[in-house]
Every structure is written in structure tokens, then in C-alpha cells.
Amino acid sequence: MKRKLSIIFAVALVVGSLTACGGKNNTNKTPADQTTTTDEGTKDGSTTSTEGKQLAVQVGPNPETIDPALNSAVDGGNMILHSFEGLLIIGEDNSIQPGQAKTWEVSEDGLTWTFHLRDGLKWSDGSDLTANDFVYSWKRVADPEVAAPYGETVLGMVKGFDEATTGNLDALGVSAPDDKTFVVNLENPCSYFESLAAFATLSPVQQATIEKNGDAWAVSADTYVSNGPFYVTEWVPDSHIIMSKNPNYWNADAIKLGSIKFVLMEDSNAAYSAYKSGEVSMIKDVPTEEIPNLSDNSEFNVEPIIGTYYVNLNLNDPAFADSKVRKALSLAIDREYLAGTLMQGTYTAATNLLGPGWSDVNNTEFLDNANGGNPYLDNSNFDANLEEAKELLSEAGYPNGEGFPTITYSTNDTAYHKVVAEYLQQAWGELGVTVEVEILEWSSFSAERRNGNYMAARNGWVGDYSDPSNILDLFMTGNGNNDGKFSNSEFDAAMKKSRTTLDENERSQALHEAEDILMEEVGTIPLAYYNDFWLQSSKITGSWHSPYGYWYFMYADITE
């Protein structure tokens with residue numbers, strides 16, 4: 001699905017609808033091509049060895065982590081989905097398909113999910129993989145000692161989760177009646193639980209490897225045991241990670257590549273040079289200054305994804321305690337100029353936190369039903385917004401910015417992040433507020449932000465599935481991905497109501513109420529809606545890109 005810059009604003013994002021709880025015995029097929037390849041070597045970022053063709057791609061720099069339980073970044077996620085596989089998977093058409101589980105069913109009350117594993121499942125080291133591995137792995141995500149960022153999001157509806165998070169892991173409602181059966185008991189029905197069963201955080205991990213190596217299991221090729229179509233065979237920090245075809249994967253006959261080389265680059269200019277020279281066949285990070293010259297290039301792709309680029313203010317910092325200050329900083333931003341001019345139309349100006357693609361009741365879009373059908377952020381009259389911003393800052397006790405502390409804005413230097421930082425310097429300068437920009441490497445930036453070691457920082461979220469709770473959950477008190485430390489009892493109550501009600505209209509109302517509160521309190525500052533833009537060689541076949549920001553190369557091939 002090719003998209004050009006000139007039509008990006010007209011693109012409608014189509015995502016698979018979420019299935020409701022109910023009886024199901026799913027036997028959807030996975031890729032049917034079961035042939036392997038012994039072709040000669042190719043150019044353009046590929047090589048051939050006795051193990052087959054190697055595809056070289058750039059999806060980011062050194063990942064902070066590729067431990068499925070700990071990762072919360074898209075770059076790490078792109079690597080994990082090639083090396084691990086959960087009970088279910090997301091197909092090319094964004095539908096839920098069988099993964100490690102061949103079939104599954106749901107009880108009539110929606111509270112019991114039973115997954116039946118495939119015959120002969122194995123880890124990449126050749127040892128057997130059983131339902132007990134899923135029991136261990138899901139309990140690990142709930143373990144307070146592990147502190148999985150997604151823990152509450154993916155397991156909060158499972159029976160016994162709250163008790164498990166106090167340390168009693170056996171309270172979690174997961175069990176393995178036999179080696180091929182995995183059962184999950186929910187506290188309340190969850191209409192999107194299939195999507196969670198396909199989410200990387202809930203991938204199985206090998207207990208013996210983790211108990212032997214601790215956290216270090218996920219930083220070395222020697223200990224990174226996995227169960228997906230590829231497994232790590234070489235890892236050179238700051239250079240590359242090579243994942244080779246996993247002969248023990250249940251669908252190994254359908255894998256055409258011998259290996260995938262993830263080239264670790266943070267500098268988009270270096271990535272672009274590597275692409276032009278043929279060192280890599282695909283790059284995620286395209287230099288922004290090159291975009292005007294690439295609009296007619298058939299290998300330049302722009303596609304919408306479900307996600308929002310926003311600014312986090314650290315709400316533990318006294319400077320941002322007053323919501324008038326936060327609103328002033330938000331109103332001082334000209335989003336149309338930022339997205340349309342500085343970001344060259346590769347992003348779309350945000351009016352809400354939840355943009356296009358998030359699902360609502362009756363197959364409608366959450367965005368269309370939000371705030372009575374009106375935008376929270378009116379981008380039509382920036383001059384009026386700026387005047388209101390100045391008034392609010394004055395009311396908060398900082399006329400013309402006098403007495404307001406200098407804001408340190410933290411970001412990493414890829415894509416438009418530095419451009420955005422420099423614009424915020426200027427925009428907030430119009431209020432008399434001084435901004436200092438701090439540029440960090442990605443691997444340290446994401447950790448510092450999550451730990452709250454910042455004042456203001458760029459942030460964003462790409463949906464893991466299209467249910468609105470996926471992004472709204474981030475702002476619940478204590479959520480592992482709540483980087484801005486927003487805490488509001490009314491917001492939390494609305495989100496908890498959305499988890500427990502059995503009425504889909506009441507649930508929708510609760511989720512909209514949560515967004516109302518978040519936007520009114522300026523718990524975060526939405527800037528723009530994401531689109532992915534990348535360069536990919538036309539010689540790559542059989543790969544696809546999802547609206548959740550992932551590239552799927554496991555069934556890819558390279559042609560002459």
C-alpha cells in the first residue's frame with residue numbers, strides 16, 4: 001500500500017476490527033508457501049551463504065532491550081517479533097491468526113480462554129516448548145521484581161493479577177492442564193483479549209535460561225534462546241544483530257531467508273548512505289532533508305499508523321504543577337505549522353490524543369465520537385491560541401514568563417525530533433520561557449525518560465492494537481509506561497470502569513470520559529499523528545508493514 005506525500009492527509013487507516021468475547025475455534029492459515037531457497041547471492045543489502053540469503057535492514061539503533069517482558073519501544077518490538085512468537089500472531093491483513101496455538105476457544109461468559117498448542121513446538125536450542133512455558137512467562141510479566149512496563153495493560157483483566165503484583169505469582173489465573181493446553185481465567189470479559197494474546201510482551205521465554213543468566217540472558221547471542229522464525233546468532237553492539245533462520249520453528253519450511261541483519265544505526269544520514277551503497281535494503285530512519293527529493297522515488301514509502309507524537313511534562317516537577325501552565329505551553333504550539341511545514345507533511349497536526357485508527361463501538365472511529373465530535377485542540381486560529389496562552393501563564397503568576405524556570409527539553413536526535421525541539425524553543429520563547437535542549441542517545445534517552453529523570457521530553461505512542469485503552473492506560477497512576485507521572489483519581493476511576501463494565505456503550509463512554517479528563521488537565525501535550533516513512537528496495541518481496549508500526553520480514557525474499 002504505497003502512499004505519496006501529496007495524498008497523505010486523505011489516507012484512511014484501515015485496521016482489523018476487534019472480535020468480541022464468545023465461542024471460537026479458530027483455524028486460520030498462516031503463510032502457505034512452504035518452499036526454501038538456495039538462490040545465488042544478490043546485491044542491494046543481501047548476501048548468500050550456506051545458510052541462504054541475508055537481508056540487511058535498519059530499524060533503529062542499539063535497542064534498550066529485546067526482552068519481550070521489558071521492551072516498550074518500536075525498534076525493539078520489530079526485532080522481537082522476528083525472534084519470538086506468542087500464542088497468536090497478527091497477519092498481513094491485520095487479522096488475528098494462529099501462532100504457537102493452533103486453535104483456541106472462549107467460554108460463553110467470556111471469562112475462560114483455552115489455547116491448544118501445536119504439536120512438537122521447540123525452542124531455538126532444540127528443547128521442548130510446552131504450555132508450562134507460557135505459565136512461567138505470563139507470571140513473569142506480573143512479577144513486581146521484573147517490573148514489566150506493560151504488565152497492567154496486558155494482564156490487568158486476568159484473575160488474580162492484583163495479588164500477583166504483590167509477589168504471590170501463583171495467584172495469577174493461568175494454568176497448564178497438560179503440555180499442550182494453556183488456560184487463562186479473566187476477572188472480567190475482555191473484547192480485545194485475542195490482540196493481547198498476539199502481543200509480544202506475552203511471548204514465552206525460557207525459564208532455565210533466565211534463571212541461569214538473570215537479566216543478562218537478553219543481551220548476548222549465546223543466551224538469547226527464542227521460539228520464533230529467527231534466532232540471534234551474532235550480536236555486536238553499535239554495529240549489528242544477526243538473526244538466522246530457526247530450524248526448530250514450527251513453520252520453518254516457509255522461511256526463505258537464511259538470516260536478517262539488523263544494522264544498528266542512530267544517524268539517519270549514515271543509514272541513508274548505507275541504503276544508497278547497497279549495504280542495507282531497507283531503512284526506517286530517512287534524513288528529513290532528503291524527503292522533498294524522494295517524493296517521486298518508487299522505493300520511498302509513507303503509510304499512516306495508529307499513533308501520536310506528544311510532549312511529556314514531568315508532572316513531579318513543581319514547574320508544571322499548575323494546569324494553567326501546562327495549557328499555556330500547549331496552546332503556544334502551532335501544530336499546523338509544525339506538522340505541515342517543519343515535518344514536511346509526513347505527520348498530521350493533532351487535535352486530540354487519540355487520532356485516526358482507534359476503534360469505537362458500532363465499527364466507528366474513537367476520534368469521531370470524542371468531545372461531542374469537536375476537537376480538543378482548535379488549530380484553526382493560532383494567533384488566538386497564543387494570546388490565550390500568554391493570559392494563562394500570567395494568571396499562573398508568570399507574566400511574560402517572568403520567574404518561570406528554564407525548561408530542559410530532552411530528546412534523541414533522529415527523524416524530526418531535533419527540529420521539534422528547536423521549534424518548541426522558539427514557540428515557548430514567545431511566552432518568555434527559556435528552553436534548553438538536551439540531546440541524548442536513544443538507548444539512554446528512553447530509560448531516563450521512563451525513570452522520570454527529565455523535565456520535559458518528546459514522547460509518542462504507536463498502538464499495539466486498536467482498542468483505545470492501549471494508549472489511555474499509559475496515563476493511569478502507577479502504569480509502567482506512565483513517563484509523565486500523570487495521576488488523577490477521576491481518570492483512574494473512568495479507566496477502571498471501562499475494564500469492568502459488560503456494556504460496550506458504557507465502556508465507550510468511560511474511555512471518552514478518560515480522554516476528556518486527560519485533555520482538560522493537560523496530562524500530556526499532543527503534537528501530531530504519526531505516519532511511517534521509509535526506504536525499501538523493490539527487490540524485497542513478501543514483506544509487509546502494519547498500522548502498528550512494525551515491519552514483517554520473516555516471510556520475505558530477495559529477488560534479482
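User: Which residues of helix H1 are buried?
Analyst: This is a predicted model, in which local features need pLDDT of at least 70, side-chain atom pairs count only at pLDDT 80 or more, and totals for chains, interfaces and linings use all residues. Residues are numbered from 1 along each chain as its sequence is written, and side-chain values use heavy atoms, with hydrogens and water left out. Buried means under 20% relative accessible area, exposed over 50%, and partly exposed in between (1.4 Å probe, protein chains only). Nine of the ten residues of H1 are buried, namely Asp 75, Gly 76, Gly 77, Asn 78, Met 79, Ile 80, Leu 81, His 82 and Ser 83.

User: How many residues of strand S13 (residues 300-313) are buried?
Analyst: In a regular strand the side chains alternate between the two faces of the sheet. From S13, Phe 300, Val 302, Pro 304, Ile 306, Thr 308, Tyr 310 and Asn 312 point one way, while Asn 301, Glu 303, Ile 305, Gly 307, Tyr 309, Val 311 and Leu 313 point the other way, and all are buried. The strand is therefore largely enclosed by the rest of the structure, and the count of buried residues is 14 of the 14.

User: Which residue of S17 stands opposite Leu 313?
Analyst: Two strands pair if DSSP finds at least two bridges between them. S13 pairs in the antiparallel sense with S18 (residues 525-536) over nine bridges, and there Glu 303 stands opposite Asp 532. With S17 (residues 456-462), S13 pairs in the antiparallel sense over seven bridges, and the residue opposite Leu 313 is Ala 456.

User: Which element gives the most to the lining of the largest cavity?
Analyst: On a 1 Å grid over the protein atoms alone, a cavity is a set of points where a 1.4 Å probe fits but cannot get out, and lining residues have an atom within 4 Å of a point. The structure holds four cavities of 30 Å³ or more; the largest has about 860 Å³ of space, a volume being the space filled by probe spheres set on the points, which are joined across faces, edges and corners. Of the 49 residues that line the largest cavity, Val 74, Lys 284, Trp 442, Arg 458 and Tyr 530 are the closest to its centre. S2 (52-60), H1 (74-83), S13, H14 (442-450), S17 and S18 each supply at least two lining residues, and the element that gives the most, with five residues, is S17.

User: Is Val 522 buried or exposed?
Analyst: Most residues other than glycine have a negative phi, and most peptide bonds are trans. Val 522 has a positive phi near 50° and is placed in the loop between H17 (504-521) and S18. At 7% relative accessibility, Val 522 counts as buried.

User: What is the relative accessible area of Asn 371?
Analyst: Asn 371 is placed in the loop between H11 (366-369) and H12 (382-395), and its phi is a positive value near 50°. Asn 371 is partly exposed, and its relative accessible area is 32%.

User: Which residue of S6 is the bridge partner of Ala 101?
Analyst: S5 (residues 101-106) and S6 (residues 112-117) pair in the antiparallel sense over five bridges. Their hairpin has five residues between the strands, and Gly 110 takes a positive phi near 75° in it. The bridge partner of Ala 101 in S6 is Leu 117.

How values were computed
Helices (H or I, at least four residues) and strands (E, at least two) are DSSP runs, numbered from the N terminus. On a 1 Å grid over the protein atoms alone, a cavity is a set of points where a 1.4 Å probe fits but cannot get out, and a pocket is an open set with protein on both sides within 12 Å along at least five of seven lines; lining residues have an atom within 4 Å of a point.
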